[in-house]
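My notes follow in the order of looking.

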Amino acid sequence: MCVEGLALTADFTLRTIMDPQKWIFIEENIPLMDYKGVRSLFKCLIYQQFNSIPAQLSPEQRRQLLPSERILLKILDPDLNVIPPIFTLTELSRGILKRAYMFPRLAHRLSELIMYFRAVAELSYVIGRCFLFPLPAHPSFAASAASCRIDHLTTQISHRAPYLPYKAELKAPQTYLLYTVIRQPRGKEVLSGLLRQVSHGRTQWDEILSVLISETMAEVQKLPEDVEIPRYQWENLMSIIMYGITQKHMWVVLFCECCRVFF
């Protein structure tokens, strides 16, 4: 609390000159603090105090802020292990103030930390990687796992650690994932675990079904006139439709409207 109090009393508006002895004392006492104290000091500096820094700094003002930057670099250094990096990443996931990027060394260290955990975020979730075809046969795909659950209305991943730096594709709606799974012969077997049971509302089932019907009709048009149309495609579509209706993933009225448009 003493160290955090010293950091809180520092004038980051730079209307008064900072006392360098204060920062020397803080830096010397960081190894004596537990991770909770270091985490509290990190939040105090990166969120509260850095928010008061002027947008434009003179060389003298930048020199006064170097000790505080050096302390943050020490906290973020994974080799020193002052605090587990996952705790600093959790704080950074709440949003990094633009003032922190005014310091090149600090900006580089923050980027390194985010990129370090980017691989962990990508390995934790197979959703969003629809190029892994077919998904139900992939060893990393487990529909019963929380990492493979998607919301039935928004088709977004319903459960993910909020502090990991995910790519934008993992935060986007997973409509193409549903399309990829549904169109496979045994795709319906994993949908009960992939989608939560719907008591009201619907999924994007009817839009996906429209695409599947359009693709089937396009393939039929390519067949020679003397070749019989394969029944498997239409039987598979009917199986998907009946499954969607019984599981309340689509509405019968919308299905009838879809059939009226296509047929």
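**Helix H10**

I began with H10, where Trp205, Asp206, Ile208, Leu209, Leu212, Ile213, Thr216 and Val220 are buried. They lie on the same side of H10, because the arc they cover around the axis is only 155°. I took the arc from the directions of the C-beta atoms as seen from the helix axis. Buried stands for under 20% relative accessible area, exposed for over 50%, and partly exposed for what is in between, with a 1.4 Å probe and protein chains only. Gln221 and Lys222 are exposed on the other side of H10.

I noted the general rule here: an α-helix has 3.6 residues a turn, so residues three or four places apart point the same way.

H10 runs over residues 205-222, and its 18 residues reach 26 Å from first C-alpha to last, close to the expected 26 Å at 1.5 Å a residue. The expected span is 1.5 Å times one less than the number of residues. Helices are DSSP runs (H or I, at least four residues), numbered from the N terminus.

**Basis of the values**

This is a predicted model, in which local features need pLDDT of at least 70 and side-chain atom pairs count only at pLDDT 80 or more, while totals for chains, interfaces and linings use all residues. Residues are numbered from 1 along each chain as its sequence is written, and side-chain values use heavy atoms, with hydrogens and water left out.

**Nonpolar cores**

I then looked up the largest nonpolar core, which has 39 residues; Phe12, Leu41 and Leu106 have the most contacts inside it. H1 (2-9), H2 (20-29), H3 (35-49), H4 (59-76), H5 (85-92) and H6 (104-124) each supply at least two residues of this core. A nonpolar core is a set of buried Ala, Val, Leu, Ile, Met, Phe, Trp, Tyr and Cys residues joined through side-chain atoms within 4.5 Å. Another core, of 16 residues, lies apart from it and includes Ile150, Tyr179, Ile208 and Leu209.

**Leu106 and Glu69**

Not counting residues up to four places away in sequence, Leu106 touches Ile46, Phe50, Glu69, Leu72, Leu73, Leu76 and Ala100. Contact means heavy atoms within 4.5 Å. I checked Glu69 next: it is in helix H4 and is buried, with a relative accessible area of 3%. Beyond its neighbours within four places in sequence, Glu69 is in contact with Phe103, Arg105 and Leu106.

**Phe25**

Last, I found Phe25 in helix H2. Phe25 is partly exposed, at 36% relative accessibility. Neighbours within four places aside, Phe25 is in contact with Cys2, Val3 and Leu6.
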